[in-house]
Amino acid sequence: MKYIYLIGALLLVNIVASTYYCRLDMTQERRYTLSDVTKQYLAELDSQVFIRIYLDGQLNPGFSRLQRSTCEMVDEMRAQADVSFSRVVVDPHELSEREFERFNDKLADNGLAGIPVFETKEDGQKTRTVVYPFALVQVGSRQMFVNLLENQPGLSGEENLGRSVENLEYKLINAIRRLSVEHKPRVAFIEGHGELDEVDVVDAADALSAHFAVDRGAINGDLKILEPYKAVIIAKPTQMIPEADKYVLDQYIMHGGRVLWMIDAVAMTLDSLRTSPQTIGLLHDCNLDDQLFVYGYRVNPVVVEDMSCSMVPISVNTQGNNQIVPMPWHFSPLFSANNRHSVTKGISLVRGDFTSTIDTVGVQDERSPIRRVPLLRTSAYTRVNRTPIMATLMTIHEKADPAEFKQQHLPVAVLSEGTFKSSFTRRPIPSGVRNAERVDRREVSETTKMIVVGDGDIIRNEVRFRNTASPQVTPLGYDEMSRQTFGNKDFIVNAIQYLADDDGLMQLRNRTFQLRLLDKARIAQGTTLYKVMAFGVPILFVVVFGIAVVVVRRVKFSYKREAK
């Protein structure tokens with residue numbers, strides 16, 4: 001009878017477990033628990049979701065962990081959604097030849113390709129496999145590929161895979177959100193004040209178009225013109241901005257608008273050095289200093305030099321032959337990102353050109369209505385040049401003395417969030433403003449945010465054959481000398497996504513899981529003991545347990561025989 005009760009209890013437990021999903025998360029980082037933002041979004045989802053994971057086959061332990069984490073994340077999301085939410089894992093190598101070719105074509109259309117993995121086994125044999133760390137997310141009839149792998153240069157494979165696991169929730173829920181919305185939010189590049197041309201920012205605009213509807217246009221003093229936009233981009237104005245346009249921008253911010261300012265405080269370009277051995281940097285005023293000062297910023301009229309910098313091609317005469325040699329150019333610094341903020345976490349170094357530093361104005365404490373966060377900083381070896389500045393290629397051959405680069409970690413991009421005061425407080429509405437009677441004037445803003453960058457070229461892509469019928473655009477952040485892609489594009493896209501984010505989904509990029517890696521130094525000293533412990537102890541336990549059972553049974557039955 002007791003066996004019937006036991007079988008019945010097991011059946012009841014299985015029925016309950018198959019009906020109600022439950023898992024106890026006992027990790028310190030709560031890595032198996034979805035954020036409240038994700039839970040709320042999934043609860044409001046009204047379209048079916050299907051996710052096809054292509055990470056399968058002969059995987060090493062790292063990619064196996066990424067596959068397992070992806071499946072577990074999807075299962076967690078499925079438990080929170082009220083609609084059909086399913087997944088399937090596919091091994092691309094098991095597809096037919098025609099299906100595999102079609103699959104690769106789809107990846108290529110999305111700028112993706114298989115990742116070759118080279119490994120050396122214990123016997124010294126080298127193997128090469130191709131993995132596909134991608135997921136195809138489908139919401140209703142729409143679908144898109146998601147790259148599950150983070151591959152930041154300079155990090156080990158374990159660290160990159162760890163970051164990939166950290167970003168799974170953000171990547172998947174962001175893809176679902178993008179596929180669910182009927183209309184993309186709108187952002188705009190401001191024109192009319194000598195800003196960068198459309199071809200100069202075409203790569204950034206193309207990257208932003210995956211998330212937003214991107215427009216360009218002049219303000220022309222119209223107070224209503226910026227209302228449809230979640231954020232606006234001001235990229236390197238070179239002309240004086242009239243008071244009417246400043247007022248439009250001010251009231252746009254007062255009504256909750258978000259702005260990405262990229263300002264050059266010093267007029268100085270590398271192009272001038274192509275026709276002259278030296279160039280002079282002079283103070284550049286685009287009539288924004290007073291407005292930014294009220295918002296809490298001062299873009300200093302200086303240019304930084306940094307020992308952490310990119311290269312420029314220089315012609316060097318060697319034994320009568322001219323050769324092009326890459327040389328460090330301190331006026332093109334490489335900025336480190338703030339890895340504790342969702343805008344810049346996990347991005348590569350960001351390259352600048354003739355960059356100015358940024359000071360924040362006003363006291364920041366717990367009572368302050370504005371919270372400021374530096375996003376990009378110089379390295380530990382920096383020096384500052386005040387205007388007028390002389391830059392010449394003749395000094396590039398001189399060996400830099402670290403003692404001359406005494407300043408360190410100077411902010412060049414700063415985020416501010418909170419409520420801002422109007423820069424037109426106690427001032428009349430400037431002449432030339434249109435539709436002033438149709439917009440309520442405000443002296444204090446709604447809760448909003450803005451980012452100021454002391455470099456207008458941080459968003460500019462190189463353009464070859466500009467004045468021809470077929471100009472060639474170099475990807476933003478790509479350095480032809482080192483064949484390395486810096487994090488400029490990621491910074492711009494993340495910055496606009498953060499500014500336009502009302503749901504808090506960008507905060508998911510801040511999730512951090514502690515990597516508990518093996519001590520490679522101790523492993524290198526010898527692994528025999530660990531192998532014996534890993535394989536011998538379980539076997540020994542089974543043997544001891546088996547002997548103990550036999551001994552107990554013999555003692556038990558011998559006692560019963562004696563009792564009879």
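Is K246 buried or exposed? Keep that in mind as you click through this predicted model.

**Stop 1: K246.** Select K246 and you'll find that it counts as buried, at 1% relative accessibility. E243 is partly exposed, with a relative accessible area of 26%.

**Stop 2: D290.** Stay with K246 and select D290 too: their side chains meet in another salt bridge (2.9 Å, N to O). This pair links distant parts of the chain, with D290 in helix α9 (residues 289–295) and K246 in helix α8, 44 residues apart. D290 counts as partly exposed, at 37% relative accessibility.

**Stop 3: D479 and R351.** Here's a salt bridge whose closest N and O atoms are 3.6 Å apart. D479 is in strand β26 (residues 478–479) and R351 in strand β17 (residues 350–351), so the pair ties together parts that are 128 residues apart in sequence. D479 and R351 are both buried.

**Stop 4: a network.** Select K236, D264, D457, R460 and E462 together, and you have a network of salt bridges. Across the structure there are 28 salt bridges.

**Stop 5: a sheet.** Next, colour β11, β12 and β21, three strands that form an open antiparallel sheet in that order. β11 (266–267) and β21 (389–392) are the edge strands, each pairing on one side only. Zoom in on V266, and look for its bridge partner L283 in β12.

**Last stop: S141.** Finish in the loop between β5 (134–139) and β6 (142–147), where S141 sits. S141 is exposed, with a relative accessible area of 72%.

Notes:
Residues numbered from 1 in each chain as written. Predicted model: local features only at pLDDT ≥ 70, side-chain atom pairs only at ≥ 80, totals over all residues. Heavy atoms only, no water. Pairing = 2+ DSSP bridges. Helix = DSSP H or I, 4+ residues; strand = E, 2+ residues; numbered from the N terminus. Buried < 20%, exposed > 50% of the residue type's maximum accessible area, 1.4 Å probe, protein only. Salt bridge = Lys/Arg side-chain N within 4 Å of Asp/Glu carboxyl O.
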